[in-house]
Amino acid sequence: MHTDHRSGKLGTQRSQIHDLNLACTPMDGAPMEVLLNRYVQVIDEVFETIIETGGLPLHETLETVVQALPECSSCEEREELEQAAMEAEIVRHAAEVAAPAYALLRERRASRPSAVRKEPVAVGCTDDGGAASYYGEVRPGGYTGDAAAFYSGVLDGVEPCLPPLAPAPSVASLAVRVSWPPNHPLLGCPSSAVVASCHDHLLALYVGPYRPGFPSLGFYLVYDTRASSAAVVPPLSTSRASYNSHCNIGTGVAVLRHGAGGEHGDYVLAELLLRKDRRSQLATNKATLFTWWSSGAGRWIQKDVLLPLPADPPSDEDTMAMPTYSFRADTVFAVGSTSLWWVDLLTGILVCDGIDKLAAAADDNDCPVFRFIPLPVECVIKHDVRRGQPEEYRSMSCIDSETFKFVSMDGYSQGRCISQVTLTTWTLKITESSWEWRKDEASFPIRELWDDPIYKNDLKLEPLTPNSPIISTVQDNVVYLSVVDYERKNGLLEATGVYELSLDMGRQRVTSAFKLPPSTSGGIQYPRIISTHLISSSSVNKTTQRNKAMQQNRDGEASDGLEEMRAATMSIPALARRCVVPTPPLSPCTPGSSSMGASTSSAVGLALLLDDR
């Protein structure tokens, strides 16, 4: 047993192995471990309605208009003619095609209320205008109206949809359906969304290309999967944090539920931005912590903090240079109701305790406490310009408020042959005054994966390089791995499938596997996966019984598929077995529609389940 001892006493390590079948079938209403794809599909409902009613989308009518233009005597004349024709077509299409489709959507919504409760939008003012001045700076589409009214309209047209959930290693994907009126400012930004963090059934998303410090369109979306509610939070004003003054610490916004619990618990969003040195424009250990409290006055609260980050060693040429800091968080998660952890998977953890002190914002002396915990000495990797994506071979998870797990594919980033890479895990025990790392006994050589019966015989996979290890937070010694399968076509390798494997390191074997369904476009999706705990879908539906009539109008395929999967899991005999698990559509809670949507076809994921023996 290897111990990286720094201070304090080592706590008791968990040893009980949970039965796999019980882990796969949690009791109704009990949270279960869910693997969630960070990438979120954004579905334009107005576009779907146009197709449903026989209309042509804008890109097709623009192509037709341009092709119908007469010949021109010069390139300049052609460009001017095309520009004028396209501008006229955009106006015509919005008035004659998009507007009627949006009106039809509104009519449907009136008769079929949303399954998601929309929280009131409160946008206050700060000394420099804060969030309320955002649209005074950017003016998307010429919008100059009231910010609170604008964001209320944004929220009204947003519908997050989480499919019926299956336990890990199945991978769930969130979808966000949008229905904004023609010429809405946000229609001009790319249709993108990503889950930045999660905590206690809360998901925090960036919607649109917006990120702090850049004047891009977008907003924060907070989706409470337990209460089935959604809230929109305005972006940070670039007058408070810009590209010239700050740089991102790495990962995105953090969310933490800090209320007393229950269905409507309060939460806080936190953005930690490093301040730049004015002359070198390099990151310093000075930072600004921005927080948005759901129970607050509708504004971002700003707090300057000094971070205990390790400085990079000076170069041999300039030993008198100012210290530089290369800490870059790869992930962020909440611990308890008062702490946030930013994790650099190459160097260590930046812990913020007492963030609840900022809630009242009454005393400037109230400040959260930051501390730095380095990774075990043998796991620290020096930063360089080729940092890459450490999530490909490392991750960290919170087991409870005192126990944390770190997993690493040792040798992956050091240029070793993949057959010489070993999967190892470490346990971090922490108290208010001490912490200690301990290397776990179980390890797993990657070469052993290729001879595993499920991997080799059932999935029929060649020796491939796994990636993105994630430690289970409910099953001891279980690590989830992603594997991408390829085949050679016309002399080139082409991805043909993505598998998520559940690996029991204690028993040195794969216990289950899940093949991700293809994307809605038919191609292979490459997910970025995080582990979280969510309540099973049947329990979530109980919080939305006021909309039961709407749900009964749906085709019911998604819920039927989940029940079939549960029944198959409960009836599995005590030997190796195979079952097919339907992957539910991305949009089971589509409001205002019973037949539209590209996501209504049933995709199938393969699940292999073995008994725990």
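**Cysteines.** I began with Cys-398 in this predicted model, and I noted that its relative accessibility of 23% makes it count as partly exposed. I then turned to Cys-75, which counts as exposed because its relative accessibility is 59%. How far is the sulfur of Cys-75 from the closest cysteine sulfur? I found that the closest one belongs to Cys-72 and lies 9.4 Å away, which is too far for a bond, since a disulfide needs the two sulfur atoms within 2.5 Å. For the disulfides I wrote down a count of zero.

**The chain as a whole.** I looked up the secondary structure next and recorded eleven helices and 29 strands. Of the 613 residues in the chain, 52% are buried. I also looked at contacts between residues at least 6 apart in sequence, and I noted that 65% of them join residues at least 24 apart.

**Helices α3 and α4.** Two packed helices are described by the angle between their axes and the distance between the axes, so I looked up both values for this pair. The axes of α3, residues 58-67, and α4, residues 75-111, come within 10 Å of each other and cross at roughly 140°. Which residues make the contact? From α3 I listed Leu-58, Thr-61, Leu-62, Val-65 and Val-66, and from α4 I listed Arg-78, Glu-82, Ala-85, Met-86, Glu-89, Ile-90, Arg-92 and His-93. Sorted by kind, the residues of this contact are seven nonpolar, two polar and four charged.

**Backbone entries.** I kept a separate page for the backbone, because most residues other than glycine have a negative phi and most peptide bonds are trans. The peptide bond from Ala-168 to Pro-169 is cis, with omega near 15°, and I located Pro-169 in the loop between β4 (158-161) and β5 (171-178).

I then came to Ser-228, which is not a glycine and yet has a positive phi of about 55°. Is Ser-228 buried or exposed? I found a relative accessibility of 4%, so Ser-228 counts as buried, and I placed this serine in the loop between β8 (219-224) and β9 (229-233).

My last entry is Ser-468, which also is not a glycine but has a positive phi of about 55°. I located Ser-468 in strand β23, which covers residues 467-471, and I noted that Ser-468 counts as partly exposed because its relative accessibility is 23%.

Note on methods: Residues are numbered from 1 along each chain as its sequence is written. This is a predicted model: local features need pLDDT of at least 70, side-chain atom pairs count only at pLDDT 80 or more; totals for chains, interfaces and linings use all residues. Side-chain values use heavy atoms; hydrogens and water are left out. Axes are lines fitted to C-alpha atoms, for helices over the stretch in contact, and angles run from 0 to 180 degrees between N-to-C directions. Helices (H or I, at least four residues) and strands (E, at least two) are DSSP runs, numbered from the N terminus. Contact means heavy atoms within 4.5 Å. Ala, Val, Leu, Ile, Met, Phe, Trp, Tyr, Cys and Pro count as nonpolar, Asp, Glu, Lys and Arg as charged, and the others, Gly among them, as polar. Buried means under 20% relative accessible area, exposed over 50%, partly exposed in between (1.4 Å probe, protein chains only).
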